[in-house]
Amino acid sequence: MGPTAEDPAFSPQHALELVRSAVPPVHPAGRPFVAAGLATALVGRNHRWVRRAGLLAAAACAGFFRHPKRVPPTRPGAIVAPADGEICVIDSAAPPAELSMGDTPLPRVSIFLSLLDAHVQRAPVSGAVIAVQHRPGRFGSADLAAASTENERTSLRIRTDTGADVVAVQIAGLLARRIVCDAHVGDKLTVGETYGLIRFGSRLDTYLPPGTEPLVKVGQRAVGGETVLAELP
């Protein structure tokens, strides 16, 4: 039986910790949306439908922009999923041209994020950011193959301590109109560390070093920062 209000172990601080452990925090990029919903509910508090609409919008945004805690694997060489979602493509393709990495195909794993997935992005490996490039494009459905080449995207190239390069590409989708990337050239990222977010439906492509064999399958659910996509050769 857990602590009660009469139990010396119970305290407001303990209750707050329980809530924090059960309810994921909201990514900073989502706070204005949550605040807008709450403001609508406050302004329309005398009108039931306005109040309910505001609270519903705030709750929906809090869920969409949730930033759950993740525990990355500790074994060396693990390349983790940069986002939650469904593995939709496993193939080989040339990395984004704007990274100037040549046109030799590299192993690629694509993850589709639905509106119900957490939309924060996490570093697939530990290393130094050596390139960040944004390219404008279309806002087609992110689950289509053409999204990787035609949609708006931001590409992040990370170099590990062993000299291997791993690329994570944030791709905007049909409803996504804003890509947030907080990483900059020269930054040091730790595997599983949050570096960005895409608003309202999107896709993440991960380009792996030559010779890397993906360990996941199409249709598998990936957990950002935890699911191992592959291991560095």
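A polar contact is taken here as a pair of N or O atoms within 3.5 Å, where within protein one must be able to donate a hydrogen and the other to accept it, and where residues adjacent in sequence count only if both atoms are side-chain atoms. The model is predicted, so local features need pLDDT of at least 70 and side-chain atom pairs count only at pLDDT 80 or more, while totals for chains, interfaces and linings use all residues. Residues are numbered from 1 along each chain as its sequence is written, and side-chain values use heavy atoms, with hydrogens and water left out.

The side chains of arginine 70 and aspartate 84 are joined by such a polar contact of 2.7 Å, and the side chain of arginine 70 also reaches the backbone oxygen of glycine 224 at 3.1 Å.

Salt bridges (a side-chain nitrogen of Lys or Arg within 4 Å of a carboxyl oxygen of Asp or Glu) come to a count of ten, including these pairs:

| Salt bridge | Closest N and O atoms |
|---|---|
| Arginine 153 and glutamate 98 | 2.7 Å |
| Aspartate 117 and arginine 221 | 2.5 Å |
| Arginine 157 and aspartate 165 | 2.6 Å |

Asp91, Arg108, Arg203 and Asp205 are linked in a network of salt bridges.
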